[in-house]
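Hi everyone, thanks for coming along. Today I'd like to walk you through one protein, step by step. Have a look at it first, and then we'll start.

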Amino acid sequence: MPNIPPKANRKWKNCFSPFLYRNRNAIERMFCRLKDFRRIATRYDRNAANFLAAVCIVATVTYWL
């Protein structure tokens, strides 16, 4: 279920949780950082083990930067 804040002028406002929205935003930013690397964005490695290793290396690099 998407957790996006509704517009202020809507008559019916769906449920919204700021806590869930912050977590969702953090995950989207993480995927955006991962896709900055061409090897990950284009799925250059066809072998699942190699792709997972590349994702782990990129995640480690982006975490420390």
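**Salt bridges, helices and a core**

Let's begin with charges: a search of the whole structure turns up 2 salt bridges. By salt bridge I mean a side-chain nitrogen of Lys or Arg within 4 Å of a carboxyl oxygen of Asp or Glu.

Before we look at them, a word on where this comes from. This is a predicted model, where local features need pLDDT of at least 70 and side-chain atom pairs count only at pLDDT 80 or more, while totals for chains, interfaces and linings use all residues. Residues are numbered from 1 along each chain as its sequence is written, and side-chain values use heavy atoms, with hydrogens and water left out.

Now, the overall layout. The protein has 3 helices and 0 strands, and from the N terminus the order is α-α-α. Helices here are DSSP runs of H or I with at least four residues, strands are runs of E with at least two, and both are numbered from the N terminus.

Back to the salt bridges. One joins the side chains of R24 and E28, at 3.2 Å from N to O. Both residues sit in helix 1, which covers residues 18-34, and they are 4 residues apart, about one turn of the helix. R24 is partly exposed, with a relative accessible area of 30%, and E28 is partly exposed too, at 40%. For these words, buried means under 20% relative accessible area, exposed means over 50%, and partly exposed is in between, using a 1.4 Å probe and protein chains only.

The side chains of R39 and D45 also meet in a salt bridge, at 2.9 Å from N to O. Is D45 buried or exposed? D45 is buried, with a relative accessible area of 11%, whereas R39 is partly exposed at 41%.

What about the nonpolar residues? In soluble globular proteins, nonpolar side chains tend to be buried together. Here the largest nonpolar core has 6 residues: L34, I40, F51, A54, V55 and V58. Helix 3, residues 48-64, gives the largest share of this core, 4 residues. A nonpolar core is a set of buried Ala, Val, Leu, Ile, Met, Phe, Trp, Tyr and Cys residues joined through side-chain atoms within 4.5 Å.

Let's zoom in on one member. Leaving aside residues up to four places away in sequence, V58 touches L34, F37 and I40; contact means heavy atoms within 4.5 Å.

Finally, the whole chain: of its 65 residues, 12% count as buried.
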